[in-house]
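The following note is intended for a colleague who is meeting this structure for the first time. Please keep the model in view while reading the numbered points.

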Protein chains: 2
Amino acid sequence: MLTSDLVGYCAASLTTAAFIPQAWMTWRFKRAEGVSLSMYVIFIAGILMWMTYGILLQAWPVIIANIVTLVLASFILAMKLIYK
Amino acid sequence: MLTSDLVGYCAASLTTAAFIPQAWMTWRFKRAEGVSLSMYVIFIAGILMWMTYGILLQAWPVIIANIVTLVLASFILAMKLIYK
């Protein structure tokens, strides 16, 4: 595997995993007033575009990383809407 | 320009711009207790890896998008540390 591929996989894993503690914190404390609704709406739109990009290029790592991020970001957005 | 390139630029613009409302909200209300410290530490580590990936591939759109995201995410992290 190329060094750049390895760095790319590490990067994708980190920027995806980053949403786990936010999802956990929002769920744990049942509070989301510090989380920006606009951020998650725009972010999810961006993730759907990244998935489209991955599908157009048949790039499975891009598709899979963005499916996981989509699930986590959608969960945070749902918590924001439920606990507002 | 290829359709996939266009979709990629839209995706990068959205996932970068998404952090503007969160940065603004945290700054405006001087509160960050709903924002996860771990999320931003892991996310910034991921962004630094994405920048390394962009540099290795000499991919300027990747480098530029991640510089902007790094600035916004670092600002949110700084607010989190200041207002904790």
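1. Basis of the note. This is a predicted model, in which local features need pLDDT of at least 70, side-chain atom pairs count only at pLDDT 80 or more, and totals for chains, interfaces and linings use all residues. Residues are numbered from 1 along each chain as its sequence is written, chains are lettered from A in the order in which they are written, and side-chain values use heavy atoms, with hydrogens and water left out.

2. Relation of the two copies. The same surface serves both copies, since 100% of the contact residues of chain B recur in chain A, where contact means heavy atoms within 4.5 Å.

3. The nonpolar core. A nonpolar core is a set of buried Ala, Val, Leu, Ile, Met, Phe, Trp, Tyr and Cys residues joined through side-chain atoms within 4.5 Å; buried means under 20% relative accessible area, exposed over 50%, and partly exposed in between, with a 1.4 Å probe and protein chains only. The largest such core has 30 residues, of which A:Phe19, A:Met39, A:Tyr40, B:Phe19, B:Met39 and B:Tyr40 touch the most other members. At least two core residues come from each of α2, α3 and α4 of chain A and from each of α2 (19-29), α3 (37-56) and α4 (60-82) of chain B. These helices are DSSP runs (H or I, at least four residues), numbered from the N terminus.

4. A residue with contacts in both chains. Leaving aside residues up to four places away in sequence, B:Met39 touches B:Phe19 and, in chain A, A:Ala18, A:Phe19, A:Pro21, A:Gln22, A:Met39 and A:Tyr40.

5. Salt bridges. One joins A:Arg31 to A:Glu33, with the closest N and O atoms 2.6 Å apart. In chain B, B:Arg31 and B:Glu33 are paired, again with a closest N to O separation of 2.6 Å. A:Arg31 is partly exposed at 45% relative accessibility, as is A:Glu33 at 39%. B:Glu33 is partly exposed at 40%, and B:Arg31 at 44%.

6. Positive phi angles. A:Lys30, which is not a glycine, has a positive phi near 50 degrees. A:Lys30 belongs to the loop between α2 (19-29) and α3 (37-57) of chain A and is partly exposed, at 39% relative accessible area. A:Gln58, also not a glycine, has a positive phi of about 55 degrees. A:Gln58 sits in the loop between α3 and α4 (60-82) of chain A and counts as exposed, at 63%.

7. In chain B, B:Thr3 is part of helix α1 (residues 3-17) and is exposed, with a relative accessible area of 55%. The C-alpha atoms of B:Thr3 and B:Ser13, 10 residues apart along the chain, are 15 Å from each other. In chain A, A:Tyr9 is in helix α1 (residues 3-17) and is partly exposed at 39%.

Conventions
A salt bridge is a side-chain nitrogen of Lys or Arg within 4 Å of a carboxyl oxygen of Asp or Glu.
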